[in-house]
Amino acid sequence: MAFDRKPWAEPYRIKVVEPLKTTTREHRLAAIRQAGWNTFLLHSDDVYIDLLTDSGTNAMSDGQWSRMMVGDEAYAGSRSFYRLEEVCRKYYGYKYIMPTHQGRGAENLLSKCMIRPGQYVAGNMYFTTTRQHQELAGGTFVDVIIDEANNSFSDYPFKGNIDIEKYERLIGEKGAENIAYITVGAPVNMAGGQPVSMENMRAVSELSHRHGIKVVLDATRNIENAYFIQQREPGYAERSIEEINREFCSYSDAATVSAKKDLYVNIGGLVMCNDGELYDQLRSLVVVYEGMPTYGGLAGRDMEAMAEGLIEAVQDDMIASRVRQVEYFGNLLHEAGIPIVTPIGGHGVFLDAKRFYDHLPQDQFPAQKLAGDLYVESGVRGMERGIVSAGRNKETGDHYYPELELVRLTVPRRVYTQAHFDVAAYYIIEMYKNRHNARGLRMVYEPQFLRFFQARFEEL
Ligand SMILES: *Cc1c(COP(=O)(O)O)cnc(C)c1O
């Protein structure tokens, strides 16, 4: 075999394995019907390759497992908290660090402390739980992402960027005092894992602070974002991931993190800030929802695993292999002509269901159906990121009709090999040949909040 580019390999070897189960097509068809065509409602025992999410599905290292044995389970003042605090200060740079049970725990606390009912919250495309907490706190989310984000085949390198003009217009229209803060997510999960440039982050920070508006980072996937900056942004090729990450954080006032992503753990979250007054408010609220500020709903061993995971996560070779595995999978599909979101994102490959099932109207849930069909044909589990995830407009009650109607195939960190992605790509390419036989769905059960997790469907 000739190589057209220099190969790379994972900076680790495998010490423990978990056997996978295969099932028949007949079994899977019965299972998806039982699950109301919602891949979230499948039993994981019925799944072969699980690309539902990269959240909490990471493989931990031997270093992390060994730290778990020395976790300090004290109710108050745990040694493991102080270690986590030290590592987070070093790599993110914020002054105050508080653990939470997961990312949404952090979002809940921060939204409650920072939003007055009636205020607006700006952001670069919504994230499901983030927006939900902002709305529950009485805020109204306003999307100020650049237009390229909604174009699944634009090759713009930083499709997660904030549109500075849109943001400035919002400040002009609503008044700075009516904007609680701006959330910057990087990369933007819902746009297909698209990064934000350092230059854009600097501009957002400058404009916000000139108007006295706080900048809140959703730093859940910041290390993936740092990798894209290193690869794509002029002036950063020689800078380490560690330095880039810290610089990016330095433009914000506070951050929420789901540690279930970048930090290579199975559970955990963080809320961090520089402002002592905000920290005091967070500290008084955390005991209501999470626990003491020195454990925030986590065990001491979880905090040890997070600290060790963060140290591993900022190593240049570790993050490069993570993103390059996603790229490998995406390129198999792209080169076969399958419509996916490009450039390929940091955490998964997103099938464009509008172009894949171009015969199905959006209110027949093409992405929901494509995720279900992929499961039936291959045992590979992905999830919908389209009209179902977007939910309803709280005023009109109608569906939001998002531009992007996607199936997300997320890559858990350090879990699957290249061969698993060859198999997944093979089935997707086969399905694409027969795509026009697919029928749509109708929704038969709709929960009030975050409906994509539990909604049920039937085939038309
Ligand atoms: C996963 C995620 C969250 C929510 O975190 P949980 O740990 O699932 O509660 C928030 N923001 C982004 C960008 C995420 O990917």
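Figure 1. Pro343 sits in the loop that runs between H12 and strand E9 (348–352). In this predicted model, the peptide bond joining Thr342 to Pro343 is cis, with omega at about -10 degrees.

Figure 2. The bond leading from Ala186 into Pro187 is cis, and its omega is near -10 degrees.

Figure 3. Helix H12 covers residues 316–335, and Asn331 is part of it. Is Asn331 buried or exposed? Its relative accessibility is 19%, so Asn331 counts as buried, the cut-off for that class being under 20%. Leaving aside residues up to four places away in sequence, Asn331 touches Arg5 and Ile344.

**Figure 4. Arg324, also in helix H12.** Arg324 belongs to helix H12. With a relative accessibility of 28%, Arg324 counts as partly exposed, a class that lies between the 20% and 50% limits. Which residues does Arg324 touch, once those up to four places away in sequence are set aside? They are Lys6, Trp8 and Tyr227. Have a look at Gly345 as well: Arg324 and Gly345 are 21 residues apart along the chain, and their C-alpha atoms are separated by 9.9 Å.

**Figure 5. The largest cavity and the residues around it.** The structure holds three cavities of 30 Å³ or more, and this view shows the largest, with a volume of about 70 Å³. Its lining includes Glu10 and Tyr12, along with Met318, Ser321, Arg322 and Gln325. Val411, Pro412, Arg413 and Arg414 also line this cavity, as does Tyr264. By class, the lining of the largest cavity divides into five nonpolar, two polar and four charged residues.

**Figure 6. Tyr264, a lining residue with a positive phi.** Tyr264, one of the residues that line the largest cavity, lies in the loop between strand E7 (254–258) and strand E8 (269–273). Its phi is positive, at about 60 degrees, although Tyr264 is not a glycine. Most residues other than glycine have a negative phi. How does Tyr264 count, buried or exposed? Tyr264 has 2% relative accessibility and therefore counts as buried.

**Figure 7. Leu450, another non-glycine residue with a positive phi.** Leu450 is not a glycine, yet its phi is positive at about 40 degrees.

**Figure 8. The second largest cavity.** How much volume does the second largest cavity have? The value is about 50 Å³. Among the residues lining this cavity are Glu107, Leu110, Ser111, Thr130 and Gln134. Tyr181, Thr183, Val216 and Thr256 line it too. At least two lining residues come from each of helix H4 (103–114), helix H5 (128–136) and strand E5 (179–185). Of the elements, H4 gives the most to this lining, with three residues. The lining of the second largest cavity has three nonpolar, five polar and one charged residues.

**Figure 9. The largest pocket.** About 1,300 Å³ of space lies in the largest pocket. The elements giving two or more residues to its lining are helix H2 (62–68) and helix H16 (418–433). A total of 35 residues line the largest pocket, and those nearest its centre are Val16, Glu18, Ala59, Arg414 and Val415. The lining of the largest pocket is made up of 16 nonpolar, nine polar and ten charged residues.

Figure 10. The protein chain has 16 helices and 14 strands. Its C-alpha atoms fill a box of roughly 60 × 55 × 45 Å along the principal axes. A compact globule of 460 residues would have a radius of gyration near 23 Å, and the 21 Å of this chain agrees with that. Of the 460 residues, 59% count as buried. Among contacts with a separation of 6 or more, 72% are between residues 24 or more positions apart. The accessible surface comes to about 19,300 Å², and carbon and sulfur atoms account for 49% of that surface.

Methods. Residues numbered from 1 in each chain as written. Predicted model: local features only at pLDDT ≥ 70, side-chain atom pairs only at ≥ 80, totals over all residues. Heavy atoms only, no water. 1 Å grid on protein atoms, 1.4 Å probe; cavity = no way out; pocket = protein on both sides within 12 Å on 5 of 7 lines; lining within 4 Å. Points joined across faces, edges and corners; volume = space filled by probe spheres on them. Helix = DSSP H or I, 4+ residues; strand = E, 2+ residues; numbered from the N terminus. Nonpolar A, V, L, I, M, F, W, Y, C, P; charged D, E, K, R; others polar. Rg over C-alpha atoms; globule rule 2.2 N^0.38 Å. Buried < 20%, exposed > 50% of the residue type's maximum accessible area, 1.4 Å probe, protein only. Contact = heavy atoms within 4.5 Å. Areas by Shrake-Rupley, 256 points an atom, 1.4 Å probe, with all protein chains shown as cover.
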